[in-house]
Amino acid sequence: MAKRNSIKVNIDEMFLPNTKMDDDKLRKEAVRSPTWPIAVAIYGATEGRVRVADFIAPLTHSWGSELDMQHYMTLTTVHGFSVANIKYDPRPKDERSDDETAFTIQAVNNIFRDTNRYGFGGEKLCTNTQRYAVQKMAKGRHDVHSSICNVVLTIEQALSDHVRSILDSAVDNTYGSSLSGRPTVTIPREYSQSLLKVFMGDADKSSIPFNMMDKIRSLYTTMKQSDEKFDSALATVRSMLEGEKIVFFPQIRGGVIVGKTNTVPISAALDMYRDGSNLPYANSFAYMPEVGFSMPLRWYKSLQDLPSDLRKELEIQLVMLKAHIGSNNLVPTDDDMRDKKFWPEIGAACRKESQATSPMFILNSMNVA
């Protein structure tokens, strides 16, 4: 008989710190829940990159006048971004409707989704058999497994996608039009032929008609002006995103995610753009690699729960942003920011993918006495 592969789990490591799961009693309830083996299977499939961030069971809550007998377990990345929700309904099959099953696993459809307000939105696995769910999650034979692994293993790319979008939009807006690279001028065919002959020594410069020379000079002037304008736009955007930065997600599972990172890769990407390449895409370039975080991204219950120094730093930057854009809110809303989401004057930028996702703010970092 073939030997079964087993998943070694450090139970304490399975729980996300600074959450309600710090409670020993709730941890024991979670481990005893029928949802637990499924969570362990996902933990193994993602190479230990998920955490249990929330658990609700009959002994821990009551909704309305009747006790809700269902179990709910929320899995997140190690940073606190939602990954999947596991639900267990202990009612006998004959007490459930035709479309209800004992186990439901739903993946998140976007790593930055505000699941507290908009749900998970991704692929589902519905079954009445725990063993079936465990096998599908452990062995990768279901779309939910693929979705979960993709979300967990591409968090660095998701962050990079956001940063690239910020840079691309900021350069375009500062320059004044949409760009895909350093701006160029188009030379008519007859101009290029005449210039090639002069360059190769087959003709004298004097052979080029005066009207053509005037137009060539005009094109060259346009090219120089475009180059200077492009370089100026890059310099402005570079100044906005240089040095150590605070990365801030204000709407993740009812709390916030905060970290600090350097911007060396961002400068390198802008150098590539300046030198004639396209702005590199996130699937081939890490704008915000995990190794670059001097303070790893971490989930907190609220701004007030941040470490004191970090909270002061972040609040100072948010107050500056609030004053700069004329907002009444400490954390600006979409209406406050309108169409503009980058502010070079105060070294701040924002990216929000959709209504259902949390914005990502990039703000200056500074030591607070």
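This is a predicted model: local features need pLDDT of at least 70, side-chain atom pairs count only at pLDDT 80 or more; totals for chains, interfaces and linings use all residues.
**View 1. Helix 2 and helix 4 lie side by side.** Let's start with a pair of helices, helix 2 (residues 36-45) and helix 4 (residues 130-139), whose axes come within 8 Å and cross at roughly 10°. Angles under 35 degrees count as roughly parallel, and helix 2 and helix 4 are therefore roughly parallel to each other. On the helix 2 side, the contact is made by Pro-37, Ile-38, Ala-41, Ile-42 and Ala-45. Helix 4 answers with Gln-130, Ala-133, Val-134, Met-137 and Ala-138. Sorted by class, the residues of this contact between helix 2 and helix 4 are nine nonpolar and one polar, with no charged residue.

**View 2. Helix 6 packs against helix 8.** Here helix 6 (residues 155-175) meets helix 8 (residues 210-240), at an angle of about 135° and with the axes 9 Å apart. That angle makes helix 6 oblique to helix 8, and the crossing of the two is right-handed. From helix 6, look for Ile-166, Leu-167, Ala-170, Val-171, Thr-174 and Tyr-175 in the contact. Their partners on helix 8 are Ser-226, Lys-229, Phe-230, Ala-233, Leu-234, Thr-236, Val-237 and Met-240. The contact of helix 6 with helix 8 has 10 nonpolar, three polar and one charged residues.

**View 3. Helix 6 also meets helix 9.** The axes of helix 6 and helix 9 (residues 264-274) come within 12 Å and cross at roughly 45°. Helix 6 and helix 9 are therefore oblique to each other, and their crossing is right-handed. Helix 6 brings Val-163, Leu-167, Asp-168 and Val-171 to this contact, while helix 9 brings Ile-266, Leu-270 and Tyr-273. Of the residues in the contact of helix 6 with helix 9, six are nonpolar, none polar and one charged.

View 4. By class, the lining of the largest cavity holds six nonpolar, one polar and two charged residues.

Conventions:
Residues are numbered from 1 along each chain as its sequence is written. Side-chain values use heavy atoms; hydrogens and water are left out. Axes are lines fitted to C-alpha atoms, for helices over the stretch in contact, and angles run from 0 to 180 degrees between N-to-C directions. Helices (H or I, at least four residues) and strands (E, at least two) are DSSP runs, numbered from the N terminus. Angles under 35 degrees count as roughly parallel, over 145 as roughly antiparallel, 65 to 115 as roughly perpendicular and the rest as oblique. A crossing is left-handed if the near helix is turned anticlockwise from the far one by less than a right angle, and right-handed if clockwise. Contact means heavy atoms within 4.5 Å. Ala, Val, Leu, Ile, Met, Phe, Trp, Tyr, Cys and Pro count as nonpolar, Asp, Glu, Lys and Arg as charged, and the others, Gly among them, as polar.
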